[in-house]
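Biologist: Please show me the model, and then let us go through it residue by residue.

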Amino acid sequence: MTLGGDRPTAPVCEPGRPWPMGVVPALFGGRAGINIAVAARHATAVELCLYDETGRHETDRIRLPSCTEGIWHGFVPGLGAGQRYGLRAHGPWQPDAGHRFNPQRLLIDPWTRSLSGPLERLANEIGHRASAPDQACAYDNAERMPRCRVVDVQEELRRGAAIMPGPDTPLARTVLYEAHVKALTALHPGVPAALRGTYAGLASPAMLAHYQRLGLTALCLLPVQLHVDEHHLIERGMTNHWGYNTLAFFVPDPRYATVPVHELGADDAAVRAEFRAMVDTLHRNGIEVILDVVYNHTAEGNALGPTLSWRGLDNAAWYALDEHGRHLNPSGCGNTFNMGNPNVVQMIMDSLRWWVQAYGVDGFRFDLATALGREPAQGQHFNPRATLFTAMAQDPVLARVKLIAEPWDIGPGGYQTGRFGARWQEWNDQFRDTMRAWWLGHPCTRGQIARRLAGSSDLFQASGRSPLASINMVTAHDGFTLADLTAYVNKHNQANGEDNRDGHNHNLSANAGHEGPCGDPAIARRRAQWRRALLATLLCAQGTPQLLAGDELAHSQQGNNNAYCQDNPVTWLDWNAADEALTAFTAALVHLRQRYPGLRHPQWFRGEKHAGEGWPDIVWRTADGLRPDTNAWELPDGRLLCCVITVGEGGKPPRERLMLILLAGEAEVVVQLPQGTWNVMLETGSGQVARPGGPPVATVSASLRVAPPSVVVLVQPMVPQEPATLEIPQ
């Protein structure tokens, strides 16, 4: 089909079906073709624009003949996989009512599984006049828009089914590693240059060796769904490095592939194959893949943002608006999906299933997940039983995957930590803040850190979940790295171009007396002690630990705690400058956690004896070997915490007792030990940790002198004896 005088007859578009959504190969009446289904309830017409194989020339423009309950649909025989296309929607331009239809805008299919063409400056593709935002733009922008491409869905699912199934690591054994695809390998000397910063590089032998050395079980990847840069970053010559600005929820970002990206885009089939190969290789090496997904908002921003897809198709239906047609903004990114719209829920569910079935991923971390539970019927208040959550809970495809919520947004009542339901894990910011406060000299009581160390029962127990629902962390991508947390009191984000206004101000950090890099050995020693203590607390606490990639290397971002736009050595891990001692220490910590079930108990501690056992599962102690009284728990300067844990693996009798000592004060303390001989397996102050299969750091009895700041883990093998003879502090 070509334009011009010799153009053949335009293809016939029949009614087709209002399902499945998007543009997909289909059989209709025994004939092969493509079925088109577009959600645009308020539109008066929707057009399918067809392009030649280069994507440069429009060959046909077809109005969809039917609309069923807000779904415009049609069937075009004779077309199939590989066909390039875009959409246009007609309807009212009434911004006060939320309607922003403009048929001069070529639009991206929300369900597209392939997108090729220019991506760099899409934030400039506004649907209104720049000088008069209340008026529609009159010129056609098709030349500057990428093209969707029809994908053979069934063939992609067959290829996804060939991926090695994930290891399905139990939560009690899970150790998460939050990483950025590019930043992780961009500077790794052991990764071939052609693979650095790519999906293939992520699964290269050098990286596999690092994951296995650390004992990691899952990679949590920052967004890999295709994203674009915001207008303000384009103006500064910067990029959205983190990728929390999604344009195509079904498409792996081609910029992380080894496949060259040119004017017409990358070979999308090769990109999909590389992503699958990455997942398959990681699975074969015992590593799960969890994706950070951003379903709360889109790359279209606020009313002054670009018109790329949803806004042009039906702004008033796809987005949450107020009575004046203005975007509600609990995401803080300009727009938020209307979670009361079944088409929104359907798109998210289809996208989740696609990544599981076509790409083999093992779970998802939902950015600003509170926004996903806001619905008009609930007055936009958070509802833990919202439609999307209910759909996810019953879906058989999602039944086996891990679901992790970032349980907050910036809207009213946005902080919802602990309120997500069964099967959900949640980022636990209270763990993060309490551990920072305890070790780095900010207000914190013994009771606060004990609660976090034992799994945060105040947050998660009432919902019927276990301590493993708590995703524990001391750092994450959006904040200081561990090295910077212990070297900077203040953020230093000037390089972001926002006059240091961006990023968190409440960091609970410390610098040991000097801001930033310092050659003083005493300061360096104290910072190293803090880092080891924080890592040890993370990996010895009940819950599910999440390590930020690079923390084990002592990677610094030069004090930048919001490096979302720093696609450069600020965020790229400098493997040549890695702290090898800290890396080895971190690996030993993970193996210590896996060795002793008392460090990853999947049940809530009760502080009492279990049936058939002679010892309580946990006993809290003072330095004198007594139980802390009420005052001792609430002391604001109580910087010593001791406990003895006696639990078995999987309901079996315990094989050892563990004693944990956390001392964050300024003075040495002599700690009285329970009777018997104890093996010191970890002492973070000096950096000593027993290696797997190796001897203990020391063997002690009666008492132990502990110098701050330090975490000490002692182990006493169980020996046959009458329970009554065991010392139980009163």
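Predicted model: local features only at pLDDT ≥ 70, side-chain atom pairs only at ≥ 80, totals over all residues.

**Buried charges and a buried threonine**

Biologist: Is arginine 272 buried or exposed?

Modeller: Residues are numbered from 1 along each chain as its sequence is written, and side-chain values use heavy atoms, leaving out hydrogens and water. With a 1.4 Å probe and protein chains only, buried means under 20% relative accessible area, exposed over 50%, and partly exposed in between. Because its relative accessibility is 7%, arginine 272 counts as buried.

Biologist: Which residue forms a salt bridge with arginine 272?

Modeller: A salt bridge is a side-chain nitrogen of Lys or Arg within 4 Å of a carboxyl oxygen of Asp or Glu. The closest N and O atoms of the pair are 2.9 Å apart, and the partner is aspartate 268.

Biologist: Which residue meets arginine 284 in a salt bridge?

Modeller: Both partners lie in helix 6, four residues apart, which is about one turn of the helix. With an N to O distance of 2.7 Å, it is aspartate 280.

Biologist: How many residues apart in sequence are the parts tied together by aspartate 292 and arginine 365?

Modeller: The side chains of these two residues meet in a salt bridge of 2.7 Å, N to O, and both residues are buried. Aspartate 292 belongs to strand 18 (residues 288–293) and arginine 365 to strand 19 (residues 363–366), so the parts that the pair ties together are apart in sequence by 73 residues.

Biologist: Which side chain is joined to that of threonine 475 by a polar contact?

Modeller: Threonine 475 lies in the loop between strand 22 (470–472) and helix 13 (482–485), and, at a relative accessible area of 2%, threonine 475 is buried. Beyond four places in sequence, the residues that threonine 475 touches, with heavy atoms within 4.5 Å, include Arg436, Phe480 and Leu548. A polar contact is a pair of N or O atoms within 3.5 Å; within protein, one must be able to donate a hydrogen and the other to accept it, and residues adjacent in sequence count only if both atoms are side-chain atoms. Here the polar contact is 2.4 Å, and the partner is aspartate 551.

Key
Helix = DSSP H or I, 4+ residues; strand = E, 2+ residues; numbered from the N terminus.
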